[in-house]
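This report describes selected local features of one protein chain.

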Amino acid sequence: MRKTLQIILLSFTAGLGGAYVFDLYKTNQIAPSSAADSSQFQLVNNRFNDGERMQNNRSSLPATDTDFVLASETSTKSVVYIKNISETAYRTSYLDWFFDRSPGKQTQISSGSGVIFSEDGYIVTNNHVVQGADRLEVVYNKKIFDAELIGTDPSTDLAVLKVDGASLPAIPLGSSKQLNVGEWVIAVGNPFNLTSTVTAGIVSAKGREINILQGKFPIESFIQTDAAINPGNSGGALVNKSGELVGINTAILSMTGSYAGYGFAVPIDIVKKIVGDLIEYGEVQKAFFGGEVSDFDAAIAKRMDINIKDNAAYEGVLLSHVQEDGAAAKAGLEENDVILSVNNISVNSRSEFEEELSYHSPGDKISITYKRDGKVKSANLSLTNREGTTSILKREIYTSESLGAQFESVPKVERDLLGIEYGVKVFNIQNGLLRRVGVSEDFVITDINRVAIDDPEKLVDILEKIRGRVIIEGVNSKGREGYYSFYLR
């Protein structure tokens with residue numbers, strides 16, 4: 001019996017050994033069949049025969065005499081490392097609630113990149129890099145600076161910080177309008193906490209809309225590049241061969257969260273306007289056209305029963321909605337008009353149209369060329385602010401520590417979009433009553449116990465004093481009506 005067990009054990013061990021040797025032989029000898037498998041195969045065996053493989057593949061590498069040394073030297077000294085530090089309260093057990101013990105605090109740190117925009121210490125980065133921060137630090141030249149948050153714009157995912165400093169190396173500014181598809185660019189940032197990292201690629205597209213930005217009126221007209229952008233690059237610089245800033249790195253297209261071929265940057269011509277407004281006013285003076293447009297193509301033309309004779313008929317964007325009493329309506333524009341140009345600049349996608357508007361401020365006059373019933377017409381109109389006027393607006397935010405949130409009145413243009421007459425938006429929800437009852441970010445409160453809410457201070461006063469059954473009514477960020485019901489003692 002013992003001899004039989006020994007034979008079985010020996011056979012089993014020999015079988016495992018044989019399988020291992022066969023698998024090792026197969027891995028190093030058999031080439032994969034598909035292109036995707038080939039790439040994996042080279043990666044797996046990257047540590048074997050590197051010199052020989054590089055020699056064999058040298059002829060397949062792209063030939064270029066482009067020198068990125070000057071651009072790298074110019075831009076790396078203007079890119080900083082940003083630390084987002086936040087503290088969240090937590091309780092270790094239910095006994096903490098029962099005995100009313102003070103909660104503990106857990107510190108969380110995330111990071112990103114930023115670009116020195118001016119010599120006196122203004123730094124531009126992404127909104128998502130600084131979002132939710134209790135404290136912001138900028139690391140530059142091995143020194144740590146406390147940073148003040150000047151303003152943010154979720155619609156473009158941009159933010160501006162300020163540090164105390166003088167004669168800082170502000171990055172030279174280029175022009176994204178003059179940037180061409182196919183042109184070489186480099187991305188500078190701090191991916192994976194690796195400071196001052198430079199990667200090179202080309203501009204693979206412009207005017208990309210990828211539907212990632214927050215806010216009711218996002219401006220998405222990204223520069224697309226194949227220069228490697230990874231987590232930590234956010235807020236870093238996209239520069240041309242001369243070292244001039246042409247974009248702020250913002251997003252990657254990836255199924256894994258790491259670089260997979262394409263990155264996206266906010267064009268510098270948009271950045272200039274946003275940063276200037278945030279520094280001067282604390283918020284962006286966004287210009288509104290008084291309508292919404294959508295891409296115009298063959299499918300839409302067929303649905304709208306628009307006669308198509310040639311490819312030129314697909315030029316422009318479709319005016320899909322006209323706001324009542326808005327600038328477009330006052331200029332005589334109607335739904336289903338096809339807008340061909342803004343100030344004689346052709347617009348063939350929604351992103352191009354929104355980008356042209358983003359350069360302007362409320363009160364600016366623009367000319368529109370459009371087509372209606374096959375005839376080309378023109379109109380002049382004055383752009384407005386979010387309240388439908390042309391004056392300068394400053395964002396007024398009301399904060400309540402007991403409710404754990406910030407509040408602001410909903411502007412007219414957003415009320416029209418949501419189909420409400422009044423309301424107060426809730427945002428930046430932290431520890432407090434509203435989080436405990438489950439109120440969602442950017443929920444618009446219209447009524448509390450059937451009392452109309454049209455002012456943030458009124459909302460806070462009611463919720464801090466009310467007792468008994470409470471019913472909060474309103475609409476979420478997508479315009480869907482809903483309510484929250486709870487009881488306060």
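## Salt bridges and local geometry

Arg135 and Glu137 join their side chains in a salt bridge, with an N to O distance of 3.6 Å. The model is a predicted one. Glu137 counts as buried because its relative accessibility is 11%, under the 20% limit. Arg135, at 40% relative accessibility, counts as partly exposed. A search of the whole structure finds 13 salt bridges.

A further salt bridge is formed by Glu209 and Arg350, whose closest N and O atoms are 2.3 Å apart. This pair links distant parts of the chain, 141 residues apart: Glu209 is in the loop between strand E9 (197–208) and strand E10 (222–225), and Arg350 is in helix H10. Glu209 is partly exposed, with a relative accessible area of 30%, and Arg350 also counts as partly exposed at 31% relative accessibility.

Glu334 and Arg372 form another salt bridge, in which the closest N and O atoms are 3.7 Å apart. Here too the pair links distant parts of the chain, with Glu334 in the loop between H9 and E16 and Arg372 in strand E18, 38 residues apart. Glu334 counts as partly exposed at 43% relative accessibility, whereas Arg372 is buried, with a relative accessible area of 16%. Salt bridges that share partners join Lys83, Arg135 and Glu137 into one network.

The three pairs described above are listed here.

| Glu137 | Arg135 | 3.6 Å |

Glu354 presents a contrasting case. This residue is found in helix H10 (residues 350–358). Glu354 is buried yet has no salt bridge, and the nearest side chain of opposite charge, Lys286, is 4.3 Å away. A salt bridge requires a nitrogen to oxygen distance within 4 Å. Leaving aside residues up to four places away in sequence, Glu354 touches Ile219 and Lys286.

E18 runs antiparallel to strand E16 (residues 338–342), to which four bridges join it, and Ser341 stands opposite Thr369. Eight bridges join E18 to strand E19 (residues 375–382), again antiparallel, and Ile366 stands opposite Leu381. The hairpin of E18 and E19 has two residues between the strands, and Asp373 takes a positive phi near 55 degrees.

Strands E6 (residues 148–153) and E7 (residues 158–162) run antiparallel and are joined by five bridges; Leu149 has Leu161 as its bridge partner. Their hairpin has four residues between the strands, and Asp157 takes a positive phi near 60 degrees.

Most residues other than glycine have a negative phi. Positive values also occur in two loops. Asp325 has a phi near 65 degrees and lies in the loop between strand E15 (317–322) and helix H9 (327–330); at 59% relative accessibility, Asp325 counts as exposed. Asn428 has a phi near 50 degrees and lies in the loop between strand E22 (424–427) and helix H12 (433–436).

In helix H13 (residues 456–465), Pro456, Leu459, Val460, Ile462 and Leu463 are buried. Seen down the helix axis, these buried residues fall within an arc of 165 degrees, so they line one face of H13. At the start of H13, a side-chain oxygen of Asp455 comes to within 3.1 Å of the backbone nitrogen of Glu457.

Notes
Residues are numbered from 1 along each chain as its sequence is written. This is a predicted model: local features need pLDDT of at least 70, side-chain atom pairs count only at pLDDT 80 or more; totals for chains, interfaces and linings use all residues. Side-chain values use heavy atoms; hydrogens and water are left out. Buried means under 20% relative accessible area, exposed over 50%, partly exposed in between (1.4 Å probe, protein chains only). Lys and Arg count as positive and Asp and Glu as negative; His and the chain ends are not counted. Contact means heavy atoms within 4.5 Å. Two strands pair if DSSP finds at least two bridges between them. The arc is that of the directions from the helix axis to the C-beta atoms. A polar contact is a pair of N or O atoms within 3.5 Å; within protein, one must be able to donate a hydrogen and the other to accept it, and residues adjacent in sequence count only if both atoms are side-chain atoms.
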